[in-house]
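Please consult the sequence and structure shown below.

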Amino acid sequence: MIFPFTALVNQDEMKTALILNVIDPSIGGLLIMGEKGTGKSTAVRALADLLPDIEAVKDCPFTCDADGTLCSDCRDMLAKDGHLHQEPRKMRVVELPLGVTEDRLVGTLDIEHAIRHGEKRFEPGILADANRNFLYVDEVNLLEDHIVDLLLDSAAMGVNTVEREGISFVHPARFMLVGTMNPEEGDLRPQLLDRFGLCVSVTSLRDKKQRVEILKRKAAFDSDPEAFYATWVAGQEKLAAKIIAARESLAAIPVDDDVLEKIVSITSALSLDGHRADIVMMKTSHALAAFRGLSTIGSDEIKDASWFALRHRLKRLPFEEVGAEREKVNAALAQI
Amino acid sequence: MSCSSFIGHDEAKRTLILNAIDARCGGVLFVGEKGCGKSTLARSLRSILPGGTPFVELPLNVTEDALLGTISIEETLRTGTRVFQAGIFSRAHGGVLFIDDVNLLSPEIVSLVLEVQSRSENVIEREGLSVRHPASFILVASMYPGEGDLSPHLLDRFGMCWGFESLREASQRIAVMRAATDADSPDADWELTRRISSARNMLPQVTVRDRLLEYIADICLTYHVAGHRADIYLLAAARAQAALHGKRDVSREEIDLVVPLVLMHRRRELQPPPPPEQQEEPERSQEPPPESQQQHEEPPPPEQQDEEQDEQKETPPQPQELPPQDEEVFSVGEPFKMKRLFFRKDRTERAASGRRTRTRARNRGGRYVKSVFRKSRDIAIDATLRAAAPFQRIRNRTDIVVIDEDDFRYKRKERKMGHLAVFVVDGSGSMGAQKRMVAAKGAIQSLLIDCYQKRDLVSMIVFRKDHAEVVLEPTASVEHAARRLREIPVGGKTPLGAGLFETYRLLERVGRKHPETRFLVVLITDGRANQSMSGMAPDEEIARMATLLNEQSGIDMIVVDTEEKGRFTTTDRALSIATLLGADYYTINELKADILTDMVQTNKTLTIG
């Protein structure tokens, strides 16, 4: 039994950022920074319960989208049958443990099949599971460099190309990377940092009432998880429905030129390199508007999105204090 | 030895009893001197746990395979299907995982333990296996802090912590000797076990009133604990304590009884603990309550301390001792662009492995990241099988997989090779002259940027007045280091020998835990040593320390001279200290990139790439 997402006390930034990624997976994931014991992992694991269904090719282990990039198998099937049969499937949170080895990450030869039938067959790895799902790495800053290289590679390409042990296989690997880290334990490679669409920071709550509430809920959950869940199920269902509604309304919310201009004026005021920041900001404010049930993207959405999308992209001298960033963003925001 | 016959240390015993009553108490860490009975007492937990509860010890030499579980060679070869062989996590499920000398455990293993413990599940994605099994266990551990510290992350996971002191009383010491030789009577713990079991039965009925939850939150806020684990562990411990008392309702008394056990290791350490001799100094009366009061049963009334006060506490605690004019905190000079300083002994390795902070782990440990053809000691059974698998029909496999010479694959293991740059900074009054400290801080800042880019660990030692202290324990967070750098004050005499001795102690401590660590010691001083700690002449003391440091392997040393050159007061004493240490010598100006390039071109044997 997982602790219900809606039962998490406060930490609204983190919760919203996670939800926005569900509404529009192309936002590109989330990095949660924060000190120990602030519920980072609990929140990510709890997200699983709120995830909607997506359409995927029936029985495809790679969760291929018939209208998107296809895996080698689906491509063959499409060539043979002329069409692909889709089925609804629940989105998932796939975990990447720290001790992972390369073969399990990218996939490898299926040993049993090879021994029994004397033929080579691809056995999907974690990247296959992660396609169109959340890929969750706890303590992402402690991940082995070698594994990070592989992750970055497929994140950049959106596909996982396997050429090993006489196997040739390609499958789509577009995942929402969600990482948690405690900055005291070490920094993250800048390249990997940039891969996270959004970034939030969590601290422990200093409000007594909220702390007591955390204690109560935790104690209630520990003593009877099922009963505790039952008291939250209505809220969970309501939030899940709201997320689905937001996903569906996304297409109807226009992204006007003046929204784009506002975004560009912010990012250029902060002299950010590349276009990833612009694109992520656009998608985030769009998803925020959908989540808030609006029909247009307002200045508030752009403002709120900017902090999620920009804080880890700001050019910062290695030792500049974190507080300085917020001022810079605020200064840029004041202009719109 | 049974728990009941263990002499003294009643509080430590209580931590075990509470954990035996309710596993949600989150385990315990025993901290103390060697030979004070930490491990013996921890192991006695076995005798008070219900029969059949697993108690698994995690040896320091444990490999990743053995911990997580791995592919079973015999079964896999016999059956031709991958068979999982459970590891330590699986055996510890539902019981206790005991780690003796937990601070000596390699960081890779520590992060695995934490990961599995936090999700109460072991997720294996390796060697072609994809297995998950439940793994919830109580962590019990011991450490002797003299041999290295523990990551705050790991520290936070322990529900409780208790510091052992050796028993001083003669009668108790005699009793310990007696107990060590006496054979335990088989039912020594009978009475205790009975009390624990009735407390366990009672536990589900123990309730906590809201008022007391608020009391818990107040305490945690007062002590500025990080995160929310402290609250949760306090609640669990107080309930177990109430059950032990036979009470159905938790009262303040129980909470107060467990506060010292749960908060001992959690109070926010805004500043590394000062060396023990400082604690008696009167100036510390203005500091937050020292350890002894913390353990006091009644926590002080919650007083709201604002952030500003926090900031103040963060600065080193020396100030009040000298008149304020002797004490000055200089700003950090403009950092300059500099060429990278490399670890000299690392260069050949770099060429070989192509990675800076990685080295291939040849002997022990390290993480299995991929399989390769190149022969090593560890056969990668999964990869070997994969290589052999397609040929089994041709090779006429009967009841065991046929493996050819060509099929063998080997594990490539990697482990982080520690690079630690230790900045040994002269904080004496003479560093204040002509604002030498401003330039010195600028130089350190520049070196820190270099470390940041290379993701090396950094540490900082400051020597001034009559002692040296580690103001920054080795950390990967360079921002942390930069903050400490800004705070370094200047004033007092120059105990250079003490600075070198503290350096030696730090290197020894880190080296013991991470034998592959390469050290770069950067001594920043004007060389005007005028204070010895041993009664020897300062210069003689420095010479001794130099010998001591030179005996260590894997250390590169650099002396950065902060003295302004070309004046008639110039002494060049830092140069002679550099010679003594066998260190490379630079003035601050020489550290800057353009001049460095020149030096490299003139082919000096520098450690600069």
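Angles under 35 degrees count as roughly parallel, over 145 as roughly antiparallel, 65 to 115 as roughly perpendicular and the rest as oblique. The model is predicted. Chain B contains 24 helices and 20 strands, and 45% of its 609 residues count as buried. Of the contacts in chain B between residues at least 6 apart in sequence, 80% link residues at least 24 apart.

**Helix 12 and helix 13**

- The axes of helix 12 (residues 229–245) and helix 13 (residues 252–263) of chain B come within 8 Å and cross at roughly 130°.
- Helix 12 and helix 13 of chain B are therefore oblique to each other, and the crossing is right-handed.
- The contact of these two helices of chain B comprises 13 nonpolar, 2 polar and 1 charged residues.
- Residues of helix 12 in this contact include B:Tyr233, B:Leu234 and B:His245, while those of helix 13 include B:Glu254, B:Ile255 and B:Leu263.

**The open sheet**

- In chain B, 6 strands form an open sheet of mixed pairing, in the order 16-15-14-18-19-20.
- Strand 16 (467–475) and strand 20 (584–587) of chain B each have a single partner strand, so one side of each lacks a neighbour in the sheet.
- The twist from one strand to the next averages 20°.
- Strand 14 (residues 419–426) and strand 15 (residues 457–464) of chain B run parallel and are joined by 7 bridges; B:Val424 stands opposite B:Ile461 of strand 15.

**Helices against the strands**

- Helix 19 (residues 478–487) of chain B packs on the sheet, where it touches strand 15 and strand 16, and its direction makes about 155° with that of strand 16.
- Helix 22 (residues 573–581) of chain B lies across strand 18 (518–525), strand 19 (555–561) and strand 20, and runs at about 175° to strand 19.

Conventions:
Residues are numbered from 1 along each chain as its sequence is written. Chains are lettered from A and ligands numbered from 1 in the order in which they are written. This is a predicted model: local features need pLDDT of at least 70, side-chain atom pairs count only at pLDDT 80 or more; totals for chains, interfaces and linings use all residues. Axes are lines fitted to C-alpha atoms, for helices over the stretch in contact, and angles run from 0 to 180 degrees between N-to-C directions. Helices (H or I, at least four residues) and strands (E, at least two) are DSSP runs, numbered from the N terminus. A crossing is left-handed if the near helix is turned anticlockwise from the far one by less than a right angle, and right-handed if clockwise. Two residues are in contact if their C-beta atoms, placed from the backbone, lie within 7 Å. Ala, Val, Leu, Ile, Met, Phe, Trp, Tyr, Cys and Pro count as nonpolar, Asp, Glu, Lys and Arg as charged, and the others, Gly among them, as polar. A residue is buried if 20 or more other C-beta atoms lie within 10 Å of its own, exposed if 12 or fewer, and partly exposed in between; C-beta atoms are placed from the backbone. Two strands pair if DSSP finds at least two bridges between them.
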